Amino acid sequence: MRRTLAVLVENNPGVLARVAGLFSRRGFNIDSLAVGRTDNPAVSRMTIVVEGDDRTLEQVTKQLHKLIDVIKITDVTAEEYVDRELVLIKVSAEPGQRSEIAQIAEIFRARIVDLGRRTLTLECTGNEGKIRAFEESLRPYGIKELVRTGKIAMLRGSRYTGGNGKEEE
Amino acid sequence: MEITAAEALVRCLEEEKVEVIFGLPGGAIVPVYDALYHSKIKHVLVRHEQGAAHAADGYARATGRVGVCMATSGPGATNLVTGIANAYMDSVPLVIITGQVNTSQVGTDAFQEVDITGITMPITKHNYLVKDPKKLPEIVKKAFYIASSGRPGPVLVDLPRDVAGSSIEFRYPREIVLRGYKPTYRGHPTKINEAARLIKEAERPVIYAGGGIINSGAAAELKMLAETIGAPVTNTFMGLSSFPGDHPLFLGMLGLHGTRYANLAVTECDLLIALGARFDDRVTGKLSSFAPQAKIIHIDIDPAEIGKNVRIHVPIVGDVKQVLQALLPLLEKRERPAWLKRIEELKQLYPLRYEKENGLKPQFVIEELYRLTRGDAVVATDVGQHQMWVAQYYRFKRPRSLISSGGLGTMGFGLPAAVGAQLGLPGELVILVTGDGSFQMNMQELATVMEQGLPLKIFILNNQQLGMVRQLQEVYCEGRYMAVDFKFHPDFSILAKAYGMSGYTVRNEKEVAEVFPEVLAGPGPALVNCLVYPEENVSPMVLAGRGIHEAIEC
């Protein structure tokens, strides 16, 4: 089973190493990890997608909590949530194929962000399923390069996990 | 007035009421030593940094206070690593100060540079690299708070040389904010009620008490619980000394080398009350046959320990002393004649025993030490067979009287830890029981014993080999003994004399009777080299992959 955790951490040097080190030494698998500052510059938010059964997930959460720099952990998968990933794909595109690829981009509400002599670079955001479908649609043209950000996620509705670590209803 | 960050560090340590620092200086930490010159804090100069970490650890275990040690950058810091890991595994509060190269040189592979915060990340509760001298007082305050609160553990502060030399306006913060760190001390009332109900319903309860009892100072509550509900008590190795060793409800230690009656009581019980213990693999043996009939109540301050290895029926996160204080009023006095009769039967059927033939037996040495000290000594040990015999045959009376490396099993821990314990408890009888293998791993600290004028009594159970490994090779490798026999044996009694302490050798029970009382009553340090029967095994023993009820005599 895969779970998505939103982890608020102190924006201290080494905090990523602490979290990553914890996962590797306790044998937990990270599927995806995205980190960035929140609206509070002293706090960063990590979105971690972790693979494992309930017991593993419980241990992951408890062990993360033991890190002094970890402020709060929310399992967003336990509730309704929105998740997004961003992908940049550089795909082979002979001049005659460009309009075809542009149509695919439109279907996925992706955007062409750069143009080379024989390539197009596309940007797409969406959940994992959409990103996968987008990638598969472009594969026949020849993917030259692909980079994705890792998943970020947020609870739906008026509940939020603020940069000060407080949860509000 | 501005002072240097190094001076501020010393002021912080004084504010934290640090009495003693164990350390060994070097280039990068010279500014801190310079600042210590005018301080009233005692500095104990060790002969190897590993000794500093273990001594601080022994001091902390013996006194319950935070142990402090110090070393320079690079090799000084890496020499502390085993000691830090040892303290981490056994939840011992330490604050470790290391020197570091100048901030401008960090990351350049400078002379004596090592990334000690990176290295110690998995073996500290937390660590800091001080980059801004103004933040030093706050960091030190946090380090002491983190080390000593919640589940205790080591915290390292790495201080670059140029930061130590910078001037700051000193003010020791009165309060600190750690929004990601809020240990739970009080147990959840609903869970405590549920625990009380399970205890009332139980017919055959057993209390399984670990090091958490000692850390939270809950020995009195443990005794009251056992006597109120009429439940026998077994200790983990780390829990030894938390329950009186001569109490009729005491089952001794459980697990790999535990008493058979403790292991069988756990196997037969219908309720297991786990207090400040972590279901370590050395305790449980094969998990599927551990306490198979029991419901389990688990009280621990570290939520990550609850449900980690074993399924728990009633989990209670909290300080075990506070939880027991809340639980005790909910319980009624119970007599359990049938269950206690069964326990007595198990004790009669499967007592700890050894054969007295074949010369001086190590178990006899421990029994004599117990008899002569009446269980009043503080006993430090090293790691190996002698350690298990201490656990089995020395009946501890009061908390913190056993100073030993449990989780990491660090050979070489004993001597420096005994130094720390004796410095923390100046008036008390501190004895070290060690083996010839362990002792040779840190015996340079004999110099520290003499320099500090410590009246430490050292007993080496000398079987001229690495006895525990020999036993493993006998059991698991059909007696193919590989790299366990020492071919060269130093004369430890002469070694003692080289350091200026009394040295003795005993070969039989008669010599024990002549030498031990004199040594224990003497005012100064002494070393007794006990030449014991080399083939003796620690018995009983649970073989790898077996349940604890299947222990064999060996």
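Author: A word on terms comes before anything else: helices (H or I, at least four residues) and strands (E, at least two) are DSSP runs, numbered from the N terminus. This is a predicted model, in which local features need pLDDT of at least 70 and side-chain atom pairs count only at pLDDT 80 or more, while totals for chains, interfaces and linings use all residues. Residues are numbered from 1 along each chain as its sequence is written, and chains are lettered from A and ligands numbered from 1 in the order in which they are written.

Reader: Where does Gly210(B) lie?

Author: Gly210(B) is in the loop that joins strand 9 (205-209) to helix 9 (211-216) of chain B.

Reader: Is Gly210(B) buried or exposed?

Author: A residue is buried if 20 or more other C-beta atoms lie within 10 Å of its own, exposed if 12 or fewer, and partly exposed in between, with C-beta atoms placed from the backbone. Gly210(B) has 27 C-beta neighbours inside 10 Å, so it counts as buried.

Reader: Which residues does Gly210(B) touch?

Author: Two residues are in contact if their C-beta atoms, placed from the backbone, lie within 7 Å. Leaving aside residues up to four places away in sequence, Gly210(B) touches Thr236(B), Met238(B), Gly239(B), Leu275(B), Gly276(B), Ala277(B) and Arg278(B).

Reader: And chain B as a whole: how many helices and strands?

Author: Chain B has 22 helices and 20 strands. Its radius of gyration (taken over C-alpha atoms) is 24 Å, close to the 24 Å that the globule rule gives for 554 residues, so chain B is as compact as a globular protein of that length. That rule is 2.2 Å times the number of residues to the power 0.38. The C-alpha trace of chain B spans about 70 × 60 × 40 Å along its principal axes, and buried residues make up 56% of the 554 residues.

Reader: Which residues of chain B have a positive phi without being glycine?

Author: Lys17(B) is one of them, with phi near 60 degrees; its place is the loop between helix 1 (5-15) and strand 2 (20-24) of chain B. Ala291(B) also has a positive phi, about 45 degrees, and sits in the loop between helix 12 (281-284) and strand 13 (295-300) of chain B. Lys17(B) is exposed, with 10 other C-beta atoms within 10 Å, whereas Ala291(B) is buried, with 24.

Reader: Which peptide bond is cis?

Author: The bond from Ser539(B) to Pro540(B) is cis, with omega near 0 degrees. Pro540(B) belongs to the segment after strand 20 (526-531) of chain B.

Reader: On to the other chain. What domains is chain A divided into?

Author: Chain A consists of domain 1 (2-78) and domain 2 (82-152), with bounds that come from an automatic or database domain assignment. The centres of the two domains, taken over C-alpha atoms, are separated by 29 Å. Six residues from domain 1 and five residues from domain 2 form the contact. On the domain 1 side, strand 2 (29-37) and strand 3 (43-51) of chain A each supply at least two residues, and strand 2 gives the most, with three residues.

Reader: What is the strand order of the open sheet in chain A?

Author: The four strands have the order 2-3-1-4, with antiparallel pairing; two strands pair if DSSP finds at least two bridges between them. Strand 2 and strand 4 (70-75) of chain A stand at the edges, each with a single partner strand, so one side of each is left without a neighbour in the sheet. Strand 2 and strand 3 of chain A pair over eight bridges, and Leu33(A) has Ile48(A) in strand 3 as its bridge partner.

Reader: Which strands does helix 2 of chain A lie across?

Author: Helix 2 (residues 54-66) lies across strand 1 (2-10), strand 3 and strand 4 of chain A, running at about 160 degrees to strand 4. Axes here are lines fitted to C-alpha atoms, for helices over the stretch in contact, and angles run from 0 to 180 degrees between N-to-C directions.

Reader: And helix 3 of chain A, how many of its residues are buried?

Author: Of the ten residues of helix 3 (residues 98-107) of chain A, one is buried, so the helix lies largely in the open. Just after helix 3, Arg109(A) takes a positive phi of about 50 degrees.

Reader: Finally, how many residues does each chain bring to the contact between chain B and chain A?

Author: Chain B brings 14 residues and chain A brings 16 residues. The chain B side divides into seven nonpolar, five polar and two charged. Ala, Val, Leu, Ile, Met, Phe, Trp, Tyr, Cys and Pro count as nonpolar, Asp, Glu, Lys and Arg as charged, and the others, Gly among them, as polar.
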